Amino acid sequence: MAIPEIDLTVFPDDCDAFGHLNQASFLRLFERARWEMLAGGPGMDAFTRSGVWPAVRKASVDYSAAAYPGDVLRFTTVLIHIGRTSLTLRQAVRRVSDDRPVATAEFVFVCIDRAGRATPVPGALRDFLSQGEGGSAPARVTVNGVRLAVEVQGDGPAVLFIHGYPLDRTIWSQVMASLPGLTVIAPDLRGMGLSDAPDLGYSMATYAEDLAALLDARGVDRVVLCGLSMGGYVALEFLRRWRGRVRGLILMDTRADADTPEGRRARDEAAAAAREGGGEAIARAMLPKLLTPATLTERPGVAERVRTMMARAPVPGIVGALAAMRDRSDSSDLLPSLADLPTLILVGAEDRLTPPDRAEAMARAIPGARMEVIPGAGHLPPVEQPEATSAAIAAFLGSLP
Ligand code: MLT
């Protein structure tokens, strides 16, 4: 179950002399939506019952479109961070009539007692807010000045799962749950999922540096890298820098070459679309390209899961990832040098973005690489065919020295 969405109507007295919803009134609506959310969950008295007050420590709002009297606005809330005494909520607002993103905001709260001392977040509230997170509650690790959300499960040799664009760690949930005897590590890359999304500073090098620092922070020396699509680009960048830390490589629905001039232009157009229409616009454009026609028509739950994952991606993270992909280097020259690295190339049989013939070319370029095609999958085998994907990964991992 997710945190409930709240619909609020804009009234004339919320508006300024120009007839727009006024920015200061907007803060009241954000607040009203949070109270309604509590009323529909643990109760409006969730704080006072525990003798706790939530003090706003920081508020940042990104206004993207005007709203007018009579507009019904839908407020969606996501828990970004919860610590012992503080929590961060992201609220996204869309106009119901045309589904247009109107604003997003982040609020940092510190729970205080009557004397103004920081005090633990009430348990009922913690349970209520944590329910919207996909997968199990992630840990937070600060690397290179950015807090990453990361899920770590199990014990044994480590596998680092790197998601694609504009997705998050939950794309791996089913695969991770089916790999016993391993430490599986799945972060949200900076700018995606529940990780911080700074405005600037995105490149393949930065993503790779974040991952190396994350492994250091977890005390993990060597890993198998498993990168899906953009995650594959990051994995190749990681290999350029830390070849000695990698004991096996899985490249899934990805490619080694750089963007063409036309592809680079398309990245800039997508960035403009994201700035204008948010993650929803990107989700609308991408969903049909990611999944097989059969998944789209016959498995609405899978399609909705992927759509939601993309739609909730923060705009700075989307724009940053597009720039990082646009500017990435060609890694084709790296492939022949991976001869001594056990490598598995996986691809969905119906992947239209990085089709099987491209995967085959990559497998041919890496001496000794194995390749497997997953039937019934497009660009996202971990959600379309999780069992076959997990079986291929498990067989490969089981074959490693
Ligand atoms: C992805 O799934 O990560 C993207 O499709 C990669 C890309 O656009 O190059």
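## Close-up views

**View 1. Pro375 is found in the loop between strand 13 (370–374) and helix 11 (381–384).** Here, helices (H or I, at least four residues) and strands (E, at least two) are DSSP runs, numbered from the N terminus. Please keep in mind that this is a predicted model, in which local features need pLDDT of at least 70 and side-chain atom pairs count only at pLDDT 80 or more, while totals for chains, interfaces and linings use all residues. Residues are numbered from 1 along each chain as its sequence is written, and side-chain values use heavy atoms, with hydrogens and water left out. With a relative accessibility of 59%, Pro375 counts as exposed; buried means under 20% relative accessible area, exposed over 50%, and partly exposed in between (1.4 Å probe, protein chains only). Not counting residues up to four places away in sequence, Pro375 touches Ala349 and Gln385, where contact means heavy atoms within 4.5 Å. Its C-alpha atom is 6.2 Å from that of Gly348, a residue 27 places away along the chain.

**View 2. Thr292 is buried in the loop between helix 6 (261–290) and helix 7 (293–298).** The relative accessible area of Thr292 is 2%. Its side chain joins that of Thr295 through a polar contact of 2.8 Å. A polar contact is a pair of N or O atoms within 3.5 Å; within protein, one must be able to donate a hydrogen and the other to accept it, and residues adjacent in sequence count only if both atoms are side-chain atoms. Setting aside neighbours within four places in sequence, you will find Thr292 in contact with Glu350, Gly376, Ala377, Gly378 and Glu384.

**View 3. Helix 4 (residues 204–218) packs against helix 5 (residues 230–242) at an angle of about 70°.** The two axes are 8 Å apart; axes are lines fitted to C-alpha atoms, for helices over the stretch in contact, and angles run from 0 to 180 degrees between N-to-C directions. That makes helix 4 roughly perpendicular to helix 5, a label for angles of 65 to 115 degrees, with under 35 counted as roughly parallel, over 145 as roughly antiparallel and the rest as oblique. On the helix 4 side, Met204, Ala205, Tyr207, Ala208, Glu209, Leu211, Ala212 and Leu215 make the contact. Their partners on helix 5 are Met230, Tyr233, Val234, Glu237, Phe238, Arg241 and Trp242. By type, the contact residues are 12 nonpolar, no polar and three charged. Ala, Val, Leu, Ile, Met, Phe, Trp, Tyr, Cys and Pro count as nonpolar, Asp, Glu, Lys and Arg as charged, and the others, Gly among them, as polar.

**View 4. Helix 5 is largely enclosed by the rest of the structure, because 10 of its 13 residues are buried.** Among the buried residues are Gly231, Gly232, Ala235 and Leu236. Their cover includes strand 8 (158–162), strand 10 (223–228), strand 11 (246–252) and helix 9 (315–326).

**View 5. Cys226 lies in strand 10 and is buried.** Its relative accessible area is 0%. The C-alpha atoms of Cys226 and Phe161 are 4.9 Å apart, although 65 residues separate them along the chain. Beyond neighbours within four places in sequence, its contacts include Trp172, Ile250, Met252 and Ile393.

**View 6. Asn22 caps the N-terminal end of helix 1 (residues 23–39).** One of its side-chain oxygens lies 2.9 Å from the backbone nitrogen of Ala24. Buried residues of helix 1 include Phe26, Leu29, Phe30 and Arg34.

View 7. Most residues other than glycine have a negative phi, and most peptide bonds are trans. Tyr165 and Pro166 are joined by a cis peptide bond, with omega about -15°. Pro166 is in the loop between strand 8 and helix 3 (173–177). Ser229, in the loop between strand 10 and helix 5, has a positive phi of about 50° and is buried at 11% relative accessibility. Asp253 also has a positive phi, near 45°; its place is the loop between strand 11 and helix 6, where Asp253 is buried with a relative accessible area of 1%.

Technical notes
Expected span 1.5 Å × (residues − 1).
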